[in-house]
Amino acid sequence: MFEKAKWTAYPFFAAPLIIKKFTGKAGNATLAVCGLGWYEVYLNGVRVNEGEFFQPAQSDYHERNLKTLLYPVTGTFSHRIYYNVFEVGEYVREGENELRILLGNGWYRQRVRRCEGDTSYSDSLKLLFELTLSNGEKVFSDGTLVYRDSFIKENNLYAGEIRDMRFRTEKEERAEEIPTPSARLLLQTCPPDEIYDTRPCKPMGNGIYDAGLNGAGRLQFVADRDSERIVVRYAEELYPDGTLDFSTTALGTSLIQKDEFLNVTRGQTLTTSFTWHGFRYAQIEGGAQAKDVRAEYIATRLPLIGRFESSEPMLNWLYETAARTIRSNVHGGVPSDCPHRERLGYTADGQLAAETALWIFDAEKVYLKWLGDILDGQEADGHIQHTAPFEGGGGGPAGWGGAVVLLPYKLYLMTGNLSAAQEAFSAMESWCRFTLSALDNGLICSEREGGWCLGEWCAPAKLCLEEPFVNTCLFVRILDFFEVLCMLLKREFLFSDARRACREGILTRYYDPAKDCFGGGKQGADLFAFAAGLGSERAKRRAEKYYRTHPVDTGIFGTELLFDFLAERKREDVIFKLFTDREYPSYGYMRERGATTFWETWRGDDAVSHNHPMFSAPVKHLFVSFLGIHPIPAEKRVLICPRYAGVQSCRGKVRLFGQEIEVEEEFADGALSRVSVLLPARAEGVSVEIKIGRKKYSVRDGCFTLRKNRENQITSV
């Protein structure tokens with residue numbers, strides 16, 4: 001691939017249009033192409049990558065000046081650039097042909113948002129392509145290419161696009177042939193972005209439209225009259241007076257998402273190419289009416305493989321909201337923290353949501369790709385960046401940096417595949433050594449000078465847990481997971497003594513023997529200790545009792561630990577109570593206030609995002625605690641343990657280790673009355689069992705049902 005093609009640069013214009021005319025021969029033809037930042041490609045007027053957006057996938061493309069960023073970076077990164085391949089024989093004509101490629105800025109030339117510093121890679125956009133015709137002849141990029149300005153006058157993934165709908169020009173510039181960037185050039189294997197849902201928008205007056213659901217994408221509409229200028233602004237919420245509330249998406253009015261369409265002719269369809277917006281509401285201004293207004297939701301292609309439905313509406317809302325929040329935050333193969341004001345691949349948000357995402361979506365390729373982004377940003381001393389691909393941003397040692405271990409571990413749990421752990425093994429080991437290098441009396445008190453060292457985040461009340469306590473507890477938990485991976489990979493685990501020292505440090509500094517609690521027992525402090533293998537049985541029973549009568553008091557990490565702790569203790573009743581609480585702080589509090597995606601904080605005020613995936617982590621327990629589905633990856637075995645958890649019925653569909661499983665359960669008087677398991681087709685090497693009490697039933701046929709008989713005994717049907 002790319003035997004003759006040369007990298008070319010385009011320093012002029014916001015969205016240059018590259019034109020190549022050639023004489024072709026009909027038949028099979030293959031086009032390999034990479035445009036930096038993003039591209040659209042047309043062959044003889046037909047869009048080749050129709051229905052695909054924001055290609056190629058985002059990565060740390062090549063070297064840039066990292067000193068312009070606000071956070072200290074002491075080393076160098078690895079770099080990769082993705083390209084795409086298309087079969088285009090159906091578009092090639094005998095004789096004269098024309099190839100057109102439109103370039104957009106994307107992440108590569110992002111010069112508007114500078115909250116993290118200057119993150120741009122270059123002042124020039126880049127292009128590499130090679131078209132192989134049926135007779136073996138090649139058409140390729142080189143210094144003979146010409147380009148011109150396009151109707152896209154401005155484009156920025158944060159701020160939006162400006163389009164001149166009557167723009168025409170014949171003036172051409174010559175492409176600049178440049179050296180090959182110092183990066184690995186790889187075929188993109190993670191899926192592209194696509195439109196996954198379209199919804200008609202409801203007019204609300206004053207040009208404001210309601211899409212009905214919060215998400216990420218764009219507006220498309222038809223102009224109902226000629227207009228010199230139409231402006232579209234986007235927001236997640238409305239103020240009480242019905243105007244757009246930009247506070248959750250733009251930190252006030254500092255960077256409002258908007259698109260502009262100039263010199264519009266009646267009947268033109270208006271939309272964008274090189275941006276997405278995080279929104280539920282949009283306002284169309286400019287004196288022009290619009291018709292056929294619809295929201296098109298766009299995200300990386302994530303096939304749905306996990307479904308959940310129950311007799312309890314709040315649980316159904318949790319499933320739908322988690323799916324919507326996670327999906328709308330994946331773009332360019334990167335799971336982000338929010339789809340509007342930041343859009344960064346924060347490693348804490350990504351690793352927290354990963355397990356739930358893998359229950360609901362066929363997301364393995366996306367997370368494998370994102371793991372590569374994490375590894376590319378690792379410095380020589382082992383430090384892991386807090387965003388991947390690195391675009392600045394602060395975090396903490398364990399919750400953020402620990403993603404290098406947590407992501408391969410969660411991929412293994414959900415897929416049984418150890419390839420991620422094998423690829424990342426040396427990086428995981430290096431990160432453990434780096435983190436331990438800053439140990440002070442057994443505690444992780446800092447990451448590096450000048451960097452952030454966050455612990456817990458976004459708790460309901462003001463944070464009172466000390467960062468060293470949170471980071472050290474989380475680090476011990478991560479070491480436990482790493483030890484499991486070492487055993488599976490038959491590699492030596494080198495950190496037993498260090499783990500012991502960390503536990504001793506936690507006990508010495510934070511344990512109160514008189515009260516038998518850690519860190520004052522507030523904001524889930526004991527949960528962090530339990531996760532680190534500390535805490536008495538008495539303290540665990542006390543925690544169960546506390547959350548039976550109290551709401552969540554935890555932030556993003558403690559909330560995952562809380563639900564995992566309750567599931568381990570088989571306290572599905574408490575999980576049900578916390579999931580269905582409606583008073584603040586709770587998921588029900590969000591729902592009662594109209595949330596269709598999870599908020600950044602439990603209260604959702606003070607200008608925080610209303611589309612953040614990090615609180616999606618506990619939603620995996622819809623499958624684990626309510627449907628009772630337990631994957632056992634080491635054995636490629638799925639154990640289904642139905643237990644009454646507060647619902648009268650629930651059903652779901654999952655895919656584990658390649659095996660599709662449909663489960664239906666009914667309960668009466670607080671006890672199981674029927675369970676049915678359907679395997680649409682058997683996957684080789686995967687076993688499925690139902691466990692009720694001490695009995696196990698192997699599901700060998702396509703459908704297996706157990707129900708109570710007249711003697712109140714469970715029997716097979």
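**Stop 1: the largest pocket**

Open on the largest pocket, with a volume of about 1300 Å³. Keep in mind that this is a predicted model. Of the 40 lining residues, select Asp564, Ala567, Glu568, Val624 and His630, the closest to the pocket's centre.

Which helix gives the largest share of the lining? Helix 11 does, with 6 residues.

**Stop 2: helix 2**

Select residues 313–327 for helix 2. This helix has 15 residues. From its first C-alpha to its last, helix 2 reaches 21 Å, close to the 21 Å expected at 1.5 Å a residue.

Show the surroundings next. Why is helix 2 described as largely enclosed by the rest of the structure? Because 12 of its 15 residues are buried. Among the buried residues are Trp317, Leu318 and Tyr319.

Zoom to the start of helix 2. Pick Glu312 and Met314. A side-chain oxygen of Glu312 comes to within 3.0 Å of the backbone nitrogen of Met314.

**Stop 3: the cysteines**

How many disulfides does a search of the whole structure find? The search finds 0. Select Cys115, which is in no disulfide. Its nearest cysteine sulfur belongs to Cys338, 11 Å away. A disulfide would need the two sulfur atoms within 2.5 Å. Cys115 counts as partly exposed, because its relative accessibility is 45%.

Move to Cys517, also in no disulfide. Here the nearest cysteine sulfur is that of Cys464, again 11 Å away. Is Cys517 buried or exposed? Cys517 counts as buried, because its relative accessibility is 7%.

**Stop 4: Thr705**

Finish on strand 40, residues 703–708. Select Thr705, which lies in this strand. Thr705 has 12% relative accessibility, so it counts as buried; the cut-off for buried is under 20%. The side chains of Thr705 and Ser676 are joined by a polar contact of 3.2 Å.

Definitions and conventions
Residues numbered from 1 in each chain as written. Predicted model: local features only at pLDDT ≥ 70, side-chain atom pairs only at ≥ 80, totals over all residues. Heavy atoms only, no water. Helix = DSSP H or I, 4+ residues; strand = E, 2+ residues; numbered from the N terminus. Buried < 20%, exposed > 50% of the residue type's maximum accessible area, 1.4 Å probe, protein only. Polar contact = N/O pair within 3.5 Å; in protein donor to acceptor, adjacent residues only side chain to side chain. 1 Å grid on protein atoms, 1.4 Å probe; cavity = no way out; pocket = protein on both sides within 12 Å on 5 of 7 lines; lining within 4 Å. Points joined across faces, edges and corners; volume = space filled by probe spheres on them. Expected span 1.5 Å × (residues − 1).
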